[in-house]
Amino acid sequence: MSRGASSLVRAIVGIAISIGSLAFVLRGVDLASVGDILRTAIPAWIAVALVLQAIDVLIRAVRWQRLVAPIQRVPFLPMLSYLLVGYLANNVLPARLGELVRSHYLGDREGISRASTLGTVVVERVVDTAVVVAIGAVAILVLQVRGVVASAVLVGLAITGLLVLVLAAGILAGRLPGAARVLAFAERRPRVVELARRLHEGLAVARRPRTLGEALGLSLAAWAATLLAFAAAGQAIGLELTIGQAALFASGVALATAIPSGPGYLGTFELAAVAVGAAVGIPRDEAFALALLVHAMILILTSVGGVIAFLHLGWRRSAGEVGEVARGVMDGEGYGEIGLEEAAPDLAGPAR
């Protein structure tokens, strides 16, 4: 299957997942009741939630900056711009392609190998998933939650362990049994060897204890801001969430959005929130209203920021060149001879 056809299949599957998730959620929701709940939302609490979401994004930009630092120092504002462009792409493109877009922009603008920047994003996703699963696990223990939500967190824990093993294998690839034979075979395609070397350079930032420690600490801070944003959004619609409940909402929707879906994680976000609400005794309509409010705030914040960043970055390139970048990412080009699917078959991890 060609790269273009593969991208199209992934896009169709992602959109189908979103439509199916929305259809499942809407079967048991009274939209008139949801509308009434949202109409009574308190603007001051919405503003607080937006500020907390903005803090979350700023922390994530710092985290990516620290992960890239061992390769090359990048100023904060450009790094924030690349991150926001990636978030904007996730909002309008299916199957989490925004992760590849931001990797491309960082590499292209800063003169870093795009395979290396992709490696740092992989490390970021693994760290983020580990922190989210840890938060979710603590929440289900504190709240004594059972059922599908608890099972999902346990599956997330298993996947996290697998991701850590894969990351370790990527870092230590040259020392694994049979590595010499694989390298000898790969040397027939020098561009593949160079791509692998650059990707390894990005993954290798995880070998630095200080860098990894900073990434973990910043991930905890970012998710703390997110769970407080959920709590503030709950207050806006008259729903008083405990810290444990807010943490379960934040981790639950994050794990659900790790599934490649349609643009903006539409459907999977809402389905996860309703499932978490049911697990902690929150009526379906209220949980759905909370999901819509938080999801809308995230999409508005990242879309507006992404458009501003895109316009800024676009000043250095013609519109035609920017279009070529987007088409290259959609078709899996720009990362060497073997394309994106082979370089990074799937970027698992929470949405942000």
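**One residue and its surroundings**

Guide: Let's begin with Glu-201, which is partly exposed at a relative accessible area of 30%; buried means under 20% relative accessible area, exposed over 50%, and partly exposed in between, using a 1.4 Å probe and protein chains only. Before going on, a word on what you are viewing: this is a predicted model, in which local features need pLDDT of at least 70 and side-chain atom pairs count only at pLDDT 80 or more, while totals for chains, interfaces and linings use all residues. Residues are numbered from 1 along each chain as its sequence is written, and side-chain values use heavy atoms, with hydrogens and water left out.

Glu-201 is part of helix H9, residues 190-203. Helices here are DSSP runs (H or I, at least four residues), strands are runs of E with at least two, and both are numbered from the N terminus. Leaving aside residues up to four places away in sequence, Glu-201 touches Ile-71 and Ser-116, where contact means heavy atoms within 4.5 Å. Leu-118 is 83 residues from Glu-201 along the chain, yet their C-alpha atoms are separated by 9.9 Å.

Now step back to the whole chain. There are 15 helices and 0 strands, and 51% of the 352 residues count as buried. Among contacts with a separation of 6 or more, 79% join residues 24 or more positions apart.

With that picture in mind, let's turn to how helices meet. Two packed helices are described by the angle between their axes and the distance between the axes. Take helix H3 (residues 43-68) and helix H6 (residues 114-143): their axes come within 10 Å and cross at roughly 125 degrees. That angle makes H3 oblique to H6. The axes are lines fitted to C-alpha atoms, for helices over the stretch in contact, and the angles run from 0 to 180 degrees between N-to-C directions. Angles under 35 degrees count as roughly parallel, over 145 as roughly antiparallel, 65 to 115 as roughly perpendicular, and the rest as oblique. The H3 and H6 crossing is right-handed; a crossing is left-handed if the near helix is turned anticlockwise from the far one by less than a right angle, and right-handed if clockwise.

On the H3 side, Arg-60, Arg-63, Trp-64, Leu-67 and Val-68 take part, and they meet Thr-120, Val-121, Val-123, Glu-124, Arg-125 and Asp-128 of H6. Sorted by class, this contact holds 5 nonpolar, 1 polar and 5 charged residues. Ala, Val, Leu, Ile, Met, Phe, Trp, Tyr, Cys and Pro count as nonpolar, Asp, Glu, Lys and Arg as charged, and the others, Gly among them, as polar.

From H10, Trp-223, Thr-226, Leu-227, Leu-228, Phe-230 and Ala-231 meet Ile-243, Ala-246, Ala-247, Phe-249, Ala-250, Val-253 and Ala-254 of H11. The residues of this H10 and H11 contact divide into 12 nonpolar, 1 polar and no charged.

Let's finish in the loops. Most residues other than glycine have a negative phi, and most peptide bonds are trans. Tyr-265, in the loop between H11 and helix H12 (268-279), has a positive phi near 60 degrees, and Tyr-265 is buried at a relative accessible area of 8%. Gln-144 also has a positive phi, near 55 degrees; Gln-144 sits in the loop between H6 and helix H7 (148-171) and is exposed, at 61% relative accessible area. Pro-75, in the loop between H3 and helix H4 (76-92), is partly exposed at 46%. The C-alpha atoms of Pro-75 and Val-62, 13 residues apart along the chain, are separated by 9.7 Å.
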